[in-house]
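Look at the model first, then read on.

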Amino acid sequence: MRAHVVTFGCQMNEYDTHAIQSELAGIGYSFVDDFRQADLVLVNTCAVRGKPVEKAQTLLGELRKEKLRRRGAYTIGLIGCLAQLPEGKRLGEKFGVDIMLGPGAITEIVAALDRGRFRSFEFKHELQFYTPPPPRGAVSANLTIMRGCNHRCTYCVVPATRGPEVSRPADDVIKEAHALKDAGVVEVTLLGQNVNSYGMAPGTGARRALLDGYPSFAELLRMVGRAGIPRVRFVTSHPVNFDDEIVEAIADTPAVCRYIHLPVQSGSDRVLKRMAREYNREFYLSRIRRVRELLPDATISTDIIAGFPGETDEDFEQTLSLYREVRYDAAYMFIYSEREGTPAAIHFDDIPREVKTERLSRLVDLQKTISLEQNLKWVGEEVEVLVKGPADEQGLVQGHTRGNHVALIRGELEPGIHRVMVVHATPNRLYCARDASQGFDPVEPRAGIYRLTSAL
Ligand code: 5AD
Ligand code: SF4
């Protein structure tokens, strides 16, 4: 029995895919890279924006053709966030999907297969945690500490697809951290839609009581930090729940990487209100100030949506000015994508696509300028890079720094942690050498491709 699993979307989905593969391996499946060689194909979908939905749709079209070619002897599963939404159900019916499993029922994959090759639309909100065996030979791993989200940002489908927050017991988290360490993992990323509210009682606010027997996220960070894994990261945060204790825990815990991803979404108070983000610009900036005070060397990144309904040019200027004020090292930038059933889709009118894309391109230009300035500050510095493997560019290996910069190093370095010197920077890369005598030659500067050479 051969399976092919395709993953769209976030690290949460990667973790779910890994868990599903473990379950399937447990009943004798092996995995193939080509869906044409598989008996079972699972598409782990993302529904957060229109683009990943379109990608899933294209793939489902291909899979339907393959199924017809095999006269039906082919099992197709539509799993993940899209499977939890009416939109996914419609696609499942249209493309003759056999199995539908939302993110809350991922661990039922074997039961769903046992029930036979017939449609079993499982829309469950109960959430389970699982401990997949640590990936063999991997240097980095993800560790889910909570699922779901209690916030109600008006543009977002996540509360509908992943349900309300559920925190995983701390003992399980720590046990898994130790198992990962024993398996040789040197970097663990704690995952959740909003990890900052780990262990908190229902609600969204900052001052919520803790659930019985649960530590706060700040305490959990300190606990995981003691597990002996050299790098601990976490994504993603919500400014309202990103409190001083968390910043202090990062500052006190050497294993925790000084990399803060703090989505802002917009720099305009008016838009933030329409997004129901629960904070204003000044509050967000106060969080950044706290980070800069306690973690002066931290890299900071964000998520921004351009062209939210009702966003005026002035509002967007506010986003650009906030960007200049914070001077983010990196950013994930999106045009607003209307998602069926969300409050924004129900109550607000989308703005013209050209307006959205024009704003996005201005934002991307600013991001490139500032990221380059930020990255150039690292030239001449020694950094720690976790090498993952060969880069696309020949003769280089690729990895990332503690600050999450993509780093390219010349030579054959084993996967693992290395200390190297930054010799050159582009807006989204640090080029590094094992010793300062190595320089670089721009090969195709217009394409942003560089090759390291010896300066001697
Ligand atoms: N349109 C555009 N971007 C969105 N995001 C979430 N929902 C939407 C949407 N409807 C972005 C937000 C979030 C990131 C994961 O995806 O910036 O932080
Ligand atoms: Fe979506 Fe907002 Fe929750 Fe993030 S915090 S998952 S954007 S509802």
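## Barrel, helix pairs and a ligand site

Five strands close into a barrel with mixed pairing, in the order S15-S16-S17-S19-S18. On average, neighbouring strands of this sheet are turned by 50° against each other, direction ignored. Two strands pair if DSSP finds at least two bridges between them. Strands (E, at least two residues) and helices (H or I, at least four) are DSSP runs, numbered from the N terminus.

This is a predicted model: local features need pLDDT of at least 70, side-chain atom pairs count only at pLDDT 80 or more, and totals for chains, interfaces and linings use all residues. Residues are numbered from 1 along each chain as its sequence is written, chains are lettered from A and ligands numbered from 1 in the order in which they are written, and side-chain values use heavy atoms, with hydrogens and water left out.

Strand S15 (residues 382-390) runs antiparallel to strand S16 (residues 396-401), and five bridges join them. Valine 385 stands opposite threonine 401 in S16. Helix H13 (residues 353-376) lies across strands S18 (416-426) and S19 (429-433), at about 120° to S18. Axes are lines fitted to C-alpha atoms, for helices over the stretch in contact, and angles run from 0 to 180 degrees between N-to-C directions.

Now the helix pairs. Two packed helices are described by the angle between their axes and the distance between the axes.

| Helix pair | Angle | Axis distance |
|---|---|---|
| H10 (residues 281-294) and H11 (residues 313-326) | about 15° | 11 Å |
| H6 (residues 170-182) and H7 (residues 217-225) | roughly 30° | within 10 Å |

H6 is therefore roughly parallel to H7; angles under 35 degrees count as such. H10 and H11 are also roughly parallel to each other.

H10 passes H11 in a right-handed crossing, meaning that the near helix is turned clockwise from the far one by less than a right angle. The crossing of H6 and H7 is right-handed.

Which residues meet between H6 and H7? Ala170, Val173, Ile174 and Ala177 in H6 meet Leu220, Met223 and Val224 in H7, where contact means heavy atoms within 4.5 Å. This contact has seven nonpolar residues, no polar and no charged.

In H10, Arg281, Tyr284, Leu285, Ile288 and Arg292 meet Gln318, Ser321, Leu322, Glu325 and Val326 in H11. The contact divides into five nonpolar, two polar and three charged residues. Ala, Val, Leu, Ile, Met, Phe, Trp, Tyr, Cys and Pro count as nonpolar, Asp, Glu, Lys and Arg as charged, and the others, Gly among them, as polar.

Last, the ligand site. Residues around ligand 2 include Cys149, His151, Cys153, Cys156, His238 and Arg277, each with a heavy atom within 4 Å. The shell has six nonpolar, three polar and one charged residues.

Notes
Angles under 35 degrees count as roughly parallel, over 145 as roughly antiparallel, 65 to 115 as roughly perpendicular and the rest as oblique.
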